[in-house]
Amino acid sequence: MRATVEPTVTSSRSGTGFLGPAAEVLSVLALLPLVVALACSFSAAGADGGYAEWWGTSRGWLALGRTVRLAALAATVALVPAWVLVAAGAHLPRRWDGAVAWLACLPMLVPSSLLATAWIAALGREGAVTHAVQAVFGDVGLSVFSLPAAAMAMALRYWGLAALVLAQARRRLEAGWPAGRVFRLSRTSALVHLVLRPAIGPTAAAWLLVLLFAMNDHIIPGMFLISTYGTQVLIQYAALLDPNGAAALAAPMAAVGAVAVAAALWGGRRAWTGLDRSAAACPRARRVLSRVVAAAAIVAVLAISLAVPIAVLAHRAGSWRALGEAFAAARDQAWQTLLVSGAAGAVCMVLAAILASRWVQAARRGSRTAAPLVLLNLTVPPSLLGIGMIQLAETPVLAVVRDTPWPLVFGYVARFLPVATLMLYALWRRVPVEPVAAARVHGVSPWRTLRHVLWPKHRLTLLAAGLLGALLAATELEMSVLLVPPGASTLGVRLYTLIHTAPESVTSALALDILLLVGPAILLFGLLLALGPRRTVEGR
Amino acid sequence: MGKILACRDVGFAYADRPVLRGVRLDVVPGRVSVLVGPSGSGKTTLLWILAGLIRPTTGRVLLCEFGDGSGAGRPFDARRERLGMVFQTPALWDHLTVEGHLALVSASSGLARTERRRRADRMLDRMRLASLRGRRPATLSGGERQRLAIARALVSEPDWLLLHEPLAHLDGPARADVFGLLRDALTGTRAGVLLATHNTAEALRLADEVAVLLGGVVAQAGDSEDVYRRPVSLAVAQTLGPAGELRGEAAGGVLTCGGTVILEGLARDLAGPRRLIVRPEDVTFRADPAGSARVVRSERVGGSRHLLVEVTGVRLWVQHPRACQAGTAGRLALAGRD
């Protein structure tokens, strides 16, 4: 696809001339852990579990098969609540779109160990829901330790991703509906040509993205005792102490991820090419009944994905005192979580601002940049980045950070920089260049432009990007279990290690403590997301 | 006279699409130059080049002596010059108040604080924004926003003023109001002004000089009256207003085409093949059943009428005091001008 070209500001005169080369270097540096991990996977030292061991025999293929089966089922299940939410959302005021999307993405913003703990408490062998189902239907084998229930639990973590993609597609679909009415298309014809056919691509894209994230989730399947390639990677690394073999198993998944993302981009290309004005101007149904039904559908979906597991956790934890005790025992880990995730969020914010501004500039000029390459880090298995980061920390150059939390921070940055960059790019692409050009033309110095023109307009968005990076870092586990330094674990890792050894009341209380810690940050992120883009793009 | 701002063979291309080619244009201090051209002719790009926001692919922008066509002079560095610009969209800073806009721009002028404040107050009064000084752009009307954009461009008393469709987003009374303020602001200014627009009626009311940009090339530039009256081509003429072209053989005070008289009232000494570009006010129509011209339709333009007349397959607009039935035959004559 050819980029749109329009007049844009020359970088050398913007006072940000150094940002261009800096962004290119940064893009390459962000890929360094991935490159090192890939190199590590080819190392001869990995004789115990190298490519030949995994992929020359059936071991790797079986792991891949189990992973794809679980992830595909999860992706399929995720489409159901996503479509319910999106279809119901059409009946709600447009200003609610952001809030609904944010609610749908909430399960992705809490640690996977928390959700897994909650689902084990609800749907484990001794789970509250399991017992309730058994009482009514007898033993139907409903347990998160079985594939369908595990897939459902995973789907309820990642369905927000599908909802985001489909919400974009729905706006495009809405644009076609009035034309269908005007030209008196039959109901069947309108359904087929204006709804179903245009929805195929975005639906496939949503499915592929959920598939990718479910495949790269190493934690939830492991806690549900389902052996996927992710759990094998962790075992290979942590139990068999074979980083090269772990990398050899994970590396081909990076290619699978790249293919999935490419296919998703192709399938949903119409969904994310921006919203046209006709769609934005499209009137919505205003009947009270349809609004009530829509709101009820959304509440039901959110209740199943969030409220039920949290309620079960609360029931298992027993009392506020248990929460206090669990927190007291995990105070060091809480502090450590705040420190590393805060540092990762701050670094993410600065670097994402550099990369996104470079990306926007290149897109407007129709020139090339390496900035979008950082998105690769989001598509590859997180454990691969973790292994790469460990290998990097082993080099003499980075010896000073060995056994400190910094490799963990750098790992988080490498992993979540793409999310923050993508968020800023999507917003900044819509910001007109004229106000900055006006400052330049009228002789406002670069510093004053930054201080008085750019910062007031973009600060909330930047903070939102930083907070998102911090939140994702605080809830990340795949890399954390590999990279936490001795004696400085995080809350998520503590919960992950306690899940099969500590009493359920303790793990439930700890899970709720985590939720209480990240909850305010999630709310703040939602607030920034509501205010920031509006100020950045619309200037309100 | 001081230095002039001169484009010398300026060219620009987006990727492989040329937008400007060999543009030569002078902006003279104290005079208003108007750049007219249809959408996509390269006006925006040329203004952005002059503002230093993009660099020309070829050619240079210079500051040189008036009348010096040699191409000598020092490069024009927009960063070092006192430049003001009104953008096509107001391009205001949404988070700043009206007063904040002027304060931010004048803070970079190097003047003392009291002088900056005096200038800002004077500009607010001049643009009738004094009572709105604490308001933000989102709370202003379209006209007020545009007045603020003009005030911002003028507050530092620039040497060069670039106006890019300054009335584009206004209509009705707001447009007339802002136009009046703009005209007052430009009257007696010492700045060299370049106004880019496709609204030729307003442009010609302000212009001392006009440059017509067609397909990225300056098709004609010069005194506004001269360009309007003596266009080098029909395309240039039509850019500045309605015009038609009549071709024929001039002899004995008439223009004939294939033996048919198509235009009367020419100078008696005019002879040979002629190509005349005529505007509605240049030609009169007189009903005559034996005439070669036919009225196609009649339209009201302001207080008068314009007739669309066809003669030997050529259509042109003619000013006329009253409406005429379609199909009315008549004769065309020059209205005392050649």
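Which residue in β8(B) is the bridge partner of L161(B)? In this predicted model, the bridge partner of L161(B) in β8(B) is V193(B).

## Basis of the model

The model is predicted, with local features needing pLDDT of at least 70 and side-chain atom pairs counting only at pLDDT 80 or more, while totals for chains, interfaces and linings use all residues. Residues are numbered from 1 along each chain as its sequence is written, chains are lettered from A and ligands numbered from 1 in the order in which they are written, and side-chain values use heavy atoms, with hydrogens and water left out.

## Strand β8 of chain B

Helices (H or I, at least four residues) and strands (E, at least two) are DSSP runs numbered from the N terminus. Strand β8 (residues 192–197) of chain B has six of its six residues buried, where buried means under 20% relative accessible area, exposed over 50% and partly exposed in between, with a 1.4 Å probe and protein chains only. Cover is found on both faces, with G192(B), L194(B) and A196(B) buried on one side and V193(B), L195(B) and T197(B) buried on the other. In a regular strand the side chains alternate between the two faces of the sheet.

Two strands are taken to pair if DSSP finds at least two bridges between them. Strand β7 (residues 160–164) of chain B runs parallel to β8(B) and is joined to it by five bridges, and strand β3 (residues 32–36) of chain B also pairs with β8(B) in the parallel sense over five bridges. Within the latter pairing, V193(B) is the bridge partner of V32(B).

## The open antiparallel sheet of chain B

Four strands of chain B form an open sheet in the order β2-β1-β4-β5, with antiparallel pairing. Because β2 (17–27) and β5 (74–75) of chain B stand at the edges with a single partner strand each, one side of each is left without a neighbour in the sheet. Strands β1 (residues 3–14) and β4 (residues 58–65) of chain B pair over seven antiparallel bridges, and K3(B) has E65(B) as its bridge partner in β4(B).

## Helix α2 of chain B

Helix α2 (residues 98–107) of chain B is mostly covered, with seven of its ten residues buried, among them H101(B), L102(B) and V105(B). These buried residues pack against α21 (446–475) of chain A as well as α3 (113–126) and α4 (142–154) of chain B, contact being defined as heavy atoms within 4.5 Å.

## An exposed residue of chain A

V140(A) lies in the loop between α7 (128–137) and α8 (147–182) of chain A, and V140(A) counts as exposed because its relative accessibility is 52%.
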